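Here's a look at how two chains meet in a model. Have the structure open while you read.

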Amino acid sequence: MIFIILQIIFLISLAPLVSGIITKIKNNLRLRRGQSVWQPYYNLAKLFSKDEVCSEHSSWVFKITPFIVFASSLLALFLVPAFIAKSPAQYLGDLLLLVFIFSLGRFFLALAGLDTGSSFGGMGSSREMFISSFAEPAIVMAFFAVSFNFGTTNLAATCGPGALKFSSLIAGIALLIVTLAETSRIPIDNQETHLELTMIHEAMALEYSGPSLALIELASYLKQIVFFTLISATVYPVVFCAQITPIQALTGIIIYLAKISFIAVLIAFTEVFLAKMRLFRAVDFLYFSFVLALLALIAATLGA
Amino acid sequence: MLNLFNTSIAFLLDPLSFFFVFTILLISLASAIYSVGYLQGEYSLRKRLYGWVLFAAFIVSMLFVVTVNNALIFLISWEAMSLLSYFLVIFDQKNEKSISAGIIYLVMTHIGTAFIIASFLIMYKYSGSFDFAAIKAACQNIPVFTKNLVFIFLLIGFGTKAGIVPLHIWLPYAHPQAPSHISSLMSGVMIKTAIYGIIRFIIFILGIESLWWGNLILIIAIISCLVGVIYALMEHDLKKLLAYHSVENIGIILLGIGASMVFIKLKLTVLAVLALSVGLYHLINHAIFKGLLFLCAGSVYKATGTGDMEKFGGLIKKMPQTALAFLFGAMAISALPPLNGFVSEWLTLQVFFIGAFSVSSGLKIFFAICASLLALTGGLAASCFVKAFGITFLAMPRSAKAKEAVEAGLSMKIGMFFLAFFTVVFGLGAAVVFKILAKVSQSVLAGELAPINFSLNNFTINIQEGNFVYLSVPQIALILAIILLITATLIYLFTGKVKKYGTWNCGYYKLTPRNEYTATAFSKPFRIAFGFFLKPYRKTEKLRESFYHVKTFKYETHTTSIFQEYIYKPILAFTFGSARFIRKIQPGSIHLYIAYIFATIVALIVLIKIF
Amino acid sequence: MHTYVFLSGILIMTYFMVIAKRLPPLISSFRLQSLFLFLFTVSLAISGGEPSLYVVAGLILILKVILIPTLLLRIIKKIKVNENLGFFMNPQLSLFTALLLTYLSYLFTFRVMNLIDRMQAASFALALCVTLLGLFIMVFRIKALSQIVGLLVMENGLFLTAVTMCRGLPFIVEFSTFLDIFISVIILGVFVYRINTLFTHIDVNKLDNLKG
């Protein structure tokens, strides 16, 4: 139990760092020095201490949204196994619950985008819902393939010596493409953009400031680490099923960190080497990931 | 044919009927309370009384449909239900649209009824009785080909009422034209009687003959889901949008029932019970949230006098309670935890996941495709309700009427919140509800089997030893609430003040409602992505003063309904064409008519000699 | 275990080629595919301990990863042709067809070939699939350069078959195949260049204008 609580605290504190590392790698690849990897923490601290400005056209939906988005991301964190296979809340729900939980946060964020009456917010909401709708079949299909490998959709069962299967590998790549879409990264979206017309995720949160913005940012860091953990848990499952000794836990943490940093490097490379796609090419990209997931499923039914 | 009319009314009160009676009464109660305030001020007292009598008769006819024990009485009450609902559709007679919607509805529903009558007559030929038990016993002797025919007839007949694609075209016309409390009853309950028919006559009485029955229903269901939600996204009339979502949700319900039929044929009884109860769960959930959404749409309609979403906006400030109730409905239909829609959609996905472990590899892939298309449907439905809620209730009012809207009356609010309360109850109390539904579907499928022990929190069916799948909605709700409370308190305690200021509009000085994102704009990406299906048409017109200055700009876009264009129009053209042809045999000469009669009699005599 | 990584790399790169809309991504995907093929061969060489495989792997690295893609990219630059591939079948449908072909080759492997070793079965199915997809690219893409790439992909598939089924062909056959491929790429490259200077396009489907 103590490990489980530790795991959640560990993941929350790690989440901004992952973003920082990705930015750092990207900058170094572009031959820049770049900001420090701790910059996301400074940003959060700064935002939390600021006053807030709120649009006069907005309603209570706008005010409660950051909390709901944050709560849904945090709840998702309860579900994924990072370095302890018995995920903290295995009695709560399974793999599929993640899809629904994220859709809760997204629903409210999209409403908040529409709430301020600016055209940019609406544009962001429309595009975000558009892309996420097309990401969902790929996620479910990938989950299907993964669940065949583990024999269940219960995440607590995803453990054991790392069985790197052909099907789960391809499912992992499909999930990686979905992750690019869900965490608003190139080639679907661009986190670094400053032009309102090209924003997707950022446009919805355009009107937020101060602590509310901090909560939304933190929520997206959490969402990112949930997706990374999910990929790592499905492709290369947690090694120790029932962890008791601290040494095993430590080994688990080291393996986990290695997996996460590998995914971070992969994401950073894709972001640097790909260009942003047109919105409607993004559908093709997600369709590609759906087909990969279907392929993974076929491989899984054939036992590969 | 002697004992045709020698039937007495007898009721069949098994758990399935009780379930449907409960559903009908639940929605009817809310709708009745709501109608008091809704009809006030719109119509004269006489008209209102007439409306209530029709309303009561409609409910009674539905209750008869789901409880009678005799196919003939069933048909009579079915027909009564259709006719009464027709009169309710054209209740608002001033409106031209009501009349034409009523005619489309009447024609479609009678085509459906014709198919049901045909299938009943075929079954009667073998049973010699209209009693359900007798038909069920006789169904074992029906040859395979005839059984398939009966299945197809029943599917078309009940499918027309349920609104499966491509028989759905009456639904988006008829449901929005009725007064809102009737729409909620029609969309929430009446189309579910068709599902009752499918369960009662295909699963319970006829029995599943071959595997393709279930597969066919699954394919139809998933197509209905997608077509319904895509059309709903394109729709900007609030009630029409909701009507298209009924098509989608009927699809989701049929996914559970179709899966159940597949499992029955494969002799996986436990899974069949699971799938059927999931279908029933989504059925009652859809009844609740769709009823709720129609009631809210009615309040908005009453307050603004229009159903066009582009004229709404900012209603959350004028009608806060209606907005809250609508938000509950929207969250439920978008399958957001912890409300009821989420539970049944999670369960439907789970049926495919669990079922896939014990079927052949071809079916596995089919199930996976069904599940992922269901996920696509869920995503699109959520987008659609972001649009519906966001454009209708949020931001600034887009028209003068929306600016002057007032909150709905007390009885309307009670009606709405009554159902909103149940979206929460059926979400949090999922474990209990599911246990009851499992009993209902067990009574349908295999009354003689030992009780099956699975609960919402513990699915162990056909899965590896020791691996359980859980879902605990109260825990999810609790954790969400705790996180919300803690963060909200922390933020409230430790942060500075909140300042109100105008919305950032990229430096443009004056933000007006015309700058807001519209429903058309919101759905544009979807319109383009599904362009191959929707065949959008657009026209732009610019009036220029000079090269740089455009004086007026007109943008027009609409989508083509391919079902009307490529299925119904050719059929209609063919019908009219053949009618024109047949008209030739009617020259108006009385001698010829008598000759026809003579010829018919001779032909009959010859035929009788043959048989 | 790591061979699975290389195999899925090869497969995914083939899929990328199927949906590629322009020539440069097509060629870069081919380069990456060959890189994975190289890694796969090396891993086989290490586990099998056959020295000739090292040489073959080296040939792959030099020819298919470095020389041929560079050459093709240079041709594109030189003839300044429109980079779009031209489709007879749009990317979405192509991808779906590719999936069907993959499924077919899997079915063929598991039903017809009856291979016992799972690893071998998977890589054989994959090899078959890559060969089929190479043919697919040749048939359904318009520009002449994509025919060259399709041929190369097919060759990769055949090589993969040879390697998985019998640990590679005799060295001399292998070597001459590579040489053949290289020469054919050069010839085709010159050919494409000629077509371009003669007709100012390289649309293969317009070549039927030539007949009288």
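## The salt bridge and polar contacts

A:D51 pairs up with B:K497 in a salt bridge, with the closest N and O atoms 3.4 Å apart. The term stands for a side-chain nitrogen of Lys or Arg within 4 Å of a carboxyl oxygen of Asp or Glu. Across the interface of chain A and chain B the rule turns up 1 salt bridge.

Polar contacts come to 16 residue pairs across this interface, both residues at pLDDT 80 or more. Such a contact is a pair of N or O atoms within 3.5 Å; within protein, one must be able to donate a hydrogen and the other to accept it, and residues adjacent in sequence count only if both atoms are side-chain atoms.

## What the model is

This is a predicted model, where local features need pLDDT of at least 70, side-chain atom pairs count only at pLDDT 80 or more, and totals for chains, interfaces and linings use all residues. Residues are numbered from 1 along each chain as its sequence is written, chains are lettered from A and ligands numbered from 1 in the order written, and side-chain values use heavy atoms, with hydrogens and water left out.

## How much is buried

In contact terms (heavy atoms within 4.5 Å), 78 residues of chain A meet 82 residues of chain B. Together the chains bury about 7,000 Å², 75% of it on carbon and sulfur atoms; that's accessible area (1.4 Å probe) lost on being put together, summed over both. In chain A, the residues losing the most area to chain B are A:F100, A:F107 and A:F144, together 10% of what that side buries.

Key: Buried area is the accessible area (1.4 Å probe) that two parts lose on being put together, summed over both.
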